Amino acid sequence: ETLTFPSLLISMSKEAAEPVKELFTDLSLYLLGAQNRVEKAFFRFFDSLFPLVYTRLINPGMMDLSEEYMECLRQTRQDINPFGRYSKEAVMELAKSLRASRIFNQALGMGVEVLNATEHAVLTKECIRGLVKMQYCPHCQGLTLIRPCEGYCLNVMRGCFASVSELDIHWREYIYTLEYLTNEMAVTHDLELALLGIRYSINEAILQAQLTGPQLSATVNKVCGHPEEKEVKSLPDSIIQAKEIERPPLTMAHSITINNKRREFISYMKRSRTFYASLTERLCDGDLVMKDSSTCWNGQDVVER
């Protein structure tokens with residue numbers, strides 16, 4: 001839900017809070033279907049991050065710089081590539097996982113639309129006539145307790161719901177696609193693990209920028225000029241020089257919980273794979289037809305079952 005910087009960058013965390021918030025807002029909107037791109041969201045994040053890294057870690061004596069100079073740093077970031085390959089690595093795997101989750105979310109929305117559209121079937125006049133005939137014609141002969149034969153009921157219902165049953169092949173394919181996406185998200189495009197890995201990729205990107213600080217400063221001075229010189233202050237005690245840190249193993253506990261929920265959901269959905277194909281059988285499987293008698297109504301007369 002949130003991205004926190006390592007303790008070695010704790011002094012930047014307050015200033016970096018807004019770029020981090022904007023990044024995760026962009027990612028959330030992308031998952032919900034917005035037309036923005038993951039790559040551009042990260043480009044904006046690293047554009048906002050570079051001035052902080054440059055003035056807090058690379059040149060910690062720089063204070064109260066003009067907005068024009070800070071904007072120059074933001075615009076220069078993509079040209080001088082201060083974060084090396086790490087800025088791209090932070091994007092690539094996460095973008096794949098986000099796309100899988102976005103497609104899964106869109107697929108769920110489509111399924112809801114299909115179910116809502118077929119929740120109330122429009123019955124034709126022929127269908128209504130057939131239902132009335134099946135249910136009440138025996139009453140005209142005084143047979144108020146006799147019920148329709150199962151085969152007769154199936155024929156009437158198939159006529160009523162022929163258009164709905166045509167969704168069967170598409171619904172089966174839809175369930176298969178959901179199952180495939182779930183497997184992909186749990187194995188190669190695990191969003192939870194990808195999100196957990198962001199902070200370490202960003203840490204490595206910042207480390208790369210600090211290690212090449214002198215070269216970056218020389219390039220920035222050529223492009224943006226020299227800011228007004230101020231007294232160079234020593235690093236505050238709250239700022240620790242960045243150093244390479246060992247990446248701890250990413251925890252799987254949260255991911256396993258989410259994956260289990262997805263598997264439970266798909267297991268539930270798979271039970272509805274034949275819903276539209278078996279709709280008529282379901283309708284004729286209740287109290288509508290005779291189950292505990294040797295005779296039934298076939299539309300013309302009482303017959304043996």
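Mentor: In this structure, a helix is a DSSP run of H or I with at least four residues, and a strand is a run of E with at least two, each kind numbered from the N terminus. This is a predicted model: local features need pLDDT of at least 70, side-chain atom pairs count only at pLDDT 80 or more, and totals for chains, interfaces and linings use all residues.

Trainee: How many helices and strands does the protein chain have?

Mentor: Let us begin with the whole chain. Of its 305 residues, 39% are buried (under 20% relative accessible area; exposed is over 50% and partly exposed in between, with a 1.4 Å probe and protein chains only). The secondary structure comes to 13 helices and two strands.

Trainee: Among contacts between residues at least 6 apart in sequence, what percentage join residues at least 24 apart?

Mentor: A contact here means heavy atoms within 4.5 Å. Taking the contacts in the protein chain between residues at least 6 apart, the share that joins residues at least 24 apart is 82%.

Trainee: How is helix H5 oriented relative to H6, roughly parallel or roughly antiparallel?

Mentor: Two packed helices are described by the angle between their axes and the distance between the axes. H5 (residues 125–140) and H6 (residues 150–160) pack at about 160 degrees, with axes 9 Å apart (axes are lines fitted to C-alpha atoms, for helices over the stretch in contact, and angles run from 0 to 180 degrees between N-to-C directions). The classes are roughly parallel under 35 degrees, roughly antiparallel over 145, roughly perpendicular from 65 to 115, and oblique for the rest. H5 and H6 are therefore roughly antiparallel.

Trainee: Is the crossing of H3 and H11 left-handed or right-handed?

Mentor: Helix H3 (residues 67–80) packs with H11 at about 120 degrees, the axes being 10 Å apart, and that makes H3 oblique to H11. A crossing is left-handed if the near helix is turned anticlockwise from the far one by less than a right angle, and right-handed if clockwise. For H3 and H11, the crossing is right-handed.

Trainee: Which residues in H11 meet H3?

Mentor: H3 brings Tyr69, Cys72, Leu73, Thr76 and Ile80 to this contact. Their partners in H11 are Leu216, Thr219, Val220, Asn221, Val223 and Cys224.

Trainee: Serine 217 is in H11 too; which residues does serine 217 touch?

Mentor: Serine 217 lies in H11, which spans residues 213–224. With 12% relative accessibility, serine 217 counts as buried. Leaving aside residues up to four places away in sequence, serine 217 touches Tyr54, Ile58 and Asn59.

Trainee: What is the phi of asparagine 81?

Mentor: Asparagine 81 sits in the loop between H3 and helix H4 (86–117). At 37% relative accessibility, asparagine 81 counts as partly exposed. Although asparagine 81 is not a glycine, its phi is positive, about 50 degrees.

Trainee: How many residues apart in sequence are the parts that glutamate 179 and lysine 270 tie together?

Mentor: The count comes to 10 salt bridges (a side-chain nitrogen of Lys or Arg within 4 Å of a carboxyl oxygen of Asp or Glu). One of them joins glutamate 179 and lysine 270, with the closest N and O atoms 3.3 Å apart. Glutamate 179 lies in H8 (residues 168–187) and lysine 270 in H12 (residues 253–270), so the parts tied together are apart in sequence by 91 residues.

Trainee: Is glutamate 39 buried or partly exposed?

Mentor: Glutamate 39 meets arginine 37 in a salt bridge of 3.6 Å, N to O. Arginine 37 is partly exposed at 46% relative accessible area. For glutamate 39 the relative accessible area is 17%, so glutamate 39 is buried.

Trainee: Which residues does threonine 182 touch?

Mentor: Threonine 182 is found in helix H8. Its relative accessible area is 4%, so threonine 182 is buried. Not counting residues up to four places away in sequence, threonine 182 touches Phe104, Arg262, Arg263 and Ile266.

How values were computed
Residues numbered from 1 in each chain as written. Heavy atoms only, no water.
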